[in-house]
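Here is a friendly briefing to read beside the coordinates. Have the viewer open, and hop between topics as you like.

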Amino acid sequence: MAEIALHPDSQGKVRDLYDLGDELLIVATDRISAYDYILEDEIPYKGEVLTRLSLFWFDLLSDIIPNHLISTDVDDLPERFAPHADYLDGRFMLVHKARMFPVECIVRGYLAGSGLKEYEASGTVCGIPQPAGLVNSSKFEHPLYTPSTKAAVGDHDQNVTYQSTEELVGKADAAALRDAALAVYERGAAYAAERGIIIADTKLEFGTVDGTLTLCDEVLTPDSSRFWPADEYEPGRSQASFDKQFVRDWLDANWDRSGKPPRLPDDIIEATSRKYIQAFEIITGTTFSPVRQP
């Protein structure tokens, strides 16, 4: 997918950020990352799905915590972006610039991923002791808050203890981040469950705007969360998913993690795009109609 001829002030694995002073323009591309690599192939409609799903959740969660959104209307784009309105429409957010916390706020409702590997080795998840007898995809009695550091592109996030976040941001802010992350996850997971999706875990980011704790970036998307179909859920095995685990699984079967990741086959690209769209449609209860063709 062609990108706009404006150089971003900073670039994440998926998003391009443009600094507008007191505001930011966040553009969700169709890039996809896995195992801390940005893959060479893009996933059609992915950026639009991530943006529109985040907007849905921002609205649903607005009584729990404020968010950084100002507008997604192309008429509100700064003048220099107006010529690129067709490209940006549906995939950008104009947001308040926040003072971001250097913490990835991860909430785990089920035993999966790196948490499963650690549990099988030591009986803990991110250093937190867990009951004996849990299996792949077991549901925790209560969601676990397992923060990590925020790594630069190409580096790995590092799990840290809650006590480490207290040292990093202070006790009051550490508690506020934990409580907000758990509240967002629990509301989102309950809503998704009503629609037949299990949100196994999620990663959230927070900052402050005018001193107020604010939900930022994306929220409860297939990029930041594990989405499982509830009607196929069975503890003791890996679950089918609506998220980029589909791509990870293909990479696991076709790449030994040495060198650059391989190119994705067309059928994997198309199937991944369908999964992102399906997740959007199930959660929002609306049909996905793209603003523009990729």
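**A hairpin to start with**

In strand S4 (residues 31–34), Arg-31 and Ser-33 point one way while Ile-32 and Ala-34 point the other way, and all are buried. In a regular strand, side chains alternate between the two faces of the sheet. Please keep in mind that this is a predicted model.

**Hairpin partners**

- Strand S4 runs antiparallel to strand S5 (residues 37–42), and three bridges join the two.
- Ser-33 has Ile-38 in S5 as its bridge partner.
- Two residues lie between S4 and S5 in this hairpin, and Tyr-35 in the turn has a positive phi of about 55°.

**Helix H1**

- Helix H1 (residues 46–60) is made of 15 residues. From its first C-alpha to its last it reaches 21 Å, close to the 21 Å expected at 1.5 Å a residue.
- The buried residues of H1 are Lys-46, Gly-47, Glu-48, Val-49, Leu-50, Thr-51, Leu-53, Ser-54, Trp-57 and Phe-58.
- An α-helix has 3.6 residues a turn, so residues three or four places apart point the same way.

**Nonpolar cores**

- The largest nonpolar core holds 62 residues, and those with the most contacts inside it are Trp-57, Tyr-145, Phe-206, Val-219 and Leu-264.
- Helix H5 (residues 171–194) gives the most to this core, with eleven residues.
- Another core lies apart from the largest one and has eleven residues, among them Tyr-18, Val-27, Tyr-87 and Phe-92.
- Leaving aside residues up to four places away in sequence, Leu-264 touches Leu-39, Asp-41, Ile-43, Val-247, Trp-250, Leu-251 and Ile-269.

**Pocket and cavities**

- The second largest pocket has a volume of about 230 Å³. It is lined by 16 residues, of which Tyr-110, Lys-139, Tyr-185, Ala-189 and Ile-199 are the closest to its centre.
- Strand S9 (103–110), strand S12 (139–145), H5 and strand S14 (197–209) are the elements that give two or more residues to the lining of this pocket.
- Searching the whole structure turns up two cavities of 30 Å³ or more, and the largest cavity has a volume of about 40 Å³.
- Which residues line the largest cavity? They are Arg-15, Ile-26, Val-27, Ala-28, Leu-50, Thr-51, Ser-54, Arg-91, Met-93, Asp-217 and Glu-218.
- Strand S3 (23–28) and H1 are the elements that give two or more residues to the lining of the largest cavity.

Conventions
Residues numbered from 1 in each chain as written. Predicted model: local features only at pLDDT ≥ 70, side-chain atom pairs only at ≥ 80, totals over all residues. Heavy atoms only, no water. Core = buried A, V, L, I, M, F, W, Y, C linked by side-chain atoms within 4.5 Å. Buried < 20%, exposed > 50% of the residue type's maximum accessible area, 1.4 Å probe, protein only. Helix = DSSP H or I, 4+ residues; strand = E, 2+ residues; numbered from the N terminus. Contact = heavy atoms within 4.5 Å. Expected span 1.5 Å × (residues − 1). Pairing = 2+ DSSP bridges. 1 Å grid on protein atoms, 1.4 Å probe; cavity = no way out; pocket = protein on both sides within 12 Å on 5 of 7 lines; lining within 4 Å. Points joined across faces, edges and corners; volume = space filled by probe spheres on them.
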